[in-house]
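Please read the report below alongside the sequence and the coordinates. It takes up a sheet, then the helices packed against it.

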Amino acid sequence: HIRRRPASARQWLQNLRARASDGVLLIASTLESPLQAELRRLAAPMVVVDPAAGPTLDVPTIGATNWAGGLSAIEHLLSLGHRRIGLVAGPRQLLSSRARLDGYRAGLEAAGIPLDEELIREGDFYHESGFRAGNQLLSLATPPTAVFASSDQMAFGVYEAIRQRGLRVPDDVSVVGFDDLPEVRWSSPPLTTVRQPLAEMGALAARTVLRLAGGDSIESPRVELATELVIRESTTAPR
């Protein structure tokens with residue numbers, strides 16, 4: 001994981017050149033232009049998993065249906081009766097974040113609910129930003145009855161913001177996450193979330209690299225695997 005560490009990215013490239021690798025899997029990385037140029041010069045078969053900002057390297061990508069996942073989260077909350085739904089979005093520069101935000105917007109629009117920008121806060125996919133955004137949402141004059149966090153880690157931060165105010169999930173505020181990390185089923189309460197098929201994405205990316213290394217063609221340079229809403233105990237009808 002080199003998205004936040006350019007120095008480690010350069011070290012990784014040096015190791016890659018030294019080992020003459022047969023193929024490269026690049027996961028959720030935003031690379032500086034010089035590093036992109038170095039990767040092109042390697043001329044090794046390459047697949048980007050969970051592309052951060054579109055096909056900047058002009059190589060095959062394996063992603064997930066982030067827009068549909070965001071939409072399914074909002075449709076679930078709407079079906080329970082929620083109308084004031086907060087969003088803790090991921091970094092706006094990331095393709096996946098924008099797609100989940102667009103799914104949120106589409107769900108509200110389809111239900112005839114005007115978009116309220118004060119209900120949208122930006123995080124960085126990590127726990128602390130979810131806690132901060134959760135506090136901001138709960139401090140509104142009319143706080144949301146439900147929050148969709150664009151990652152499970154941010155959802156856990158929202159959990160803590162709710163707990164510190166003496167409120168409960170889902171009795172006072174429903175919460176939906178995104179990813180379906182292994183630990184979410186053991187959270188208190190177990191988290192309703194959008195499952196991103198991370199293992200399947202990695203396996204398909206590995207198979208694709210091996211096919212490219214063997215000189216075979218691939219069916220499509222852009223593949224998105226389906227997300228799935230997993231309903232647990234963090235969502236219920238609003239009071």
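## Basis of the values

This is a predicted model, in which local features need pLDDT of at least 70 and side-chain atom pairs count only at pLDDT 80 or more, whereas totals for chains, interfaces and linings use all residues. Residues are numbered from 1 along each chain as its sequence is written, and side-chain values use heavy atoms, with hydrogens and water left out.

## The sheet

Six strands form an open sheet of mixed pairing, in the order β5-β4-β6-β7-β8-β10. Its edge strands, each of which pairs on one side only, are β5 (120-122) and β10 (228-230). Helices (H or I, at least four residues) and strands (E, at least two) are DSSP runs numbered from the N terminus, and two strands pair if DSSP finds at least two bridges between them. Direction ignored, neighbouring strands of this sheet are turned by 20° against each other on average; axes are lines fitted to C-alpha atoms, for helices over the stretch in contact, and angles run from 0 to 180 degrees between N-to-C directions.

Strands β6 and β7 run parallel and are joined by three bridges, with V175 of β7 as the bridge partner of V147. The chain crosses from β6 through α6 to β7 in a right-handed β-α-β crossover, a term used if, with the strands pointing away from the viewer, the path from the first strand over the helix to the second runs clockwise. Four bridges join β7 to β8, also in parallel, and G177 stands opposite T193 in β8.

Helix α6 (residues 152-164) has 13 residues and reaches 19 Å from its first C-alpha to its last, close to the 18 Å expected, where the expected span is 1.5 Å times one less than the number of residues. Its buried residues include M154, F156, V158 and I162, and among the elements covering the buried residues of α6 are α5, β6 and β7 (174-179), contact being heavy atoms within 4.5 Å. G166, which follows α6, has a positive phi near 75°.

Helix α5 (residues 127-138) lies across β4 (85-89), β5 and β6 (146-149), and runs at about 150° to β4.

How values were computed. Buried means under 20% relative accessible area, exposed over 50%, partly exposed in between (1.4 Å probe, protein chains only).
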